[in-house]
Amino acid sequence: MMTALNILLWIFLGILALLGGILALVLLIVILLLVLPIGVRLNNGYEKMHVWLKIWFFKIKLSPGKELTEEEKAAKKAKKDAKAAKKKAKKEKKKQKAEEKARRKAEKAKNKPPKPKTKKKKKKSKKLPKPPKEKDTLGMVRALWASLRDYDYPYAKLFCVRDLTLVATIGGDGPAETGRNYGKAAEYFGILYPYVTRIFHIKRHRIHVNPDFAHNKTQIKFDLTVTITLYKFLRAALAFWRSFKRNKLIYCKPQPKTEELTVSGRSESESEPKAETPAQLPPA
């Protein structure tokens, strides 16, 4: 008897340990997803745009996909055509089934004698109709814009630019125009550089603006890595929601209030007894 109880106790403790381990693993995964940076890397330095998904220091290539051989392309096309033909046949079968069902329903309704029409009495509702709510679109837009402009949270710094490499080659129709375009581009980059670095969170960046007097071609090559942390995003969403509720009360029109009905079907204002006014005495 004691041996059986000991076995059951050990089984129970093992199940508790297994459940605790699973719960701890799930909790660890949730914490890692909230804390680890998740983002994308974009690079147009190749013939096609290359995109990677980044989770911490792991990278998963999204595009471009692997080049297919002629046999793989033919097999993929045949599979796609077979799938389309199967879908079309299924659609035709469903259509025929619906037509057959409608035909049977029409025959059944034709053979069935008509029922005598009886007037249904409408029940009187004691509830008063609610006034329609007015949509204040302009107020909602102003509240959203004011919430984004509030200083509750620096929303632009949610996205962390971990690595930015930008190479701008400036050209023109000739060497003289290339020089002028290069001067304007350098001036614009000089104006925008401190503004962008102040608003956005940029860790590492390398920006090069070069004139192309040999080929007179204009092109921009970049290698950009942008990440976001989920717990910061949740904090920003909470700050935005608080700010939006505050600005909604300021910019949106107040909605009309509805009167609550009592048990007798009257509103509270009607059910309250009116104060008796003192009777006026005739003049002496």
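Strand 2 (residues 50-55) and strand 3 run antiparallel and are joined by 5 bridges. This is a predicted model, so to speak of local features takes a pLDDT of at least 70, side-chain atom pairs count only at pLDDT 80 or more, and totals for chains, interfaces and linings use all residues. Residues are numbered from 1 along each chain as its sequence is written, and side-chain values use heavy atoms, with hydrogens and water left out.

Zooming out, these strands belong to an open sheet of 6 strands with mixed pairing, in the order 3-2-1-6-4-5 (strands are DSSP runs of E with at least two residues, helices runs of H or I with at least four, numbered from the N terminus; pairing takes at least two DSSP bridges). Strand 3 (58-63) and strand 5 (201-211) sit at the edges with a single partner strand each, so one side of each lacks a neighbour in the sheet.

Now for helix 5. Helix 5 (residues 230-251) has 22 residues and spans 30 Å from first to last C-alpha, close to the 32 Å expected at 1.5 Å a residue (that is, 1.5 Å times one less than the number of residues). A236, A239, S243, F244 and N247 of helix 5 are buried (under 20% relative accessible area, with exposed over 50% and partly exposed in between; 1.4 Å probe, protein chains only). They cover an arc of only 145 degrees around the axis, which puts them on the same side of helix 5 (the arc uses directions from the helix axis to the C-beta atoms). On the face turned away from that buried side, helix 5 carries the exposed L234, R242 and L249.
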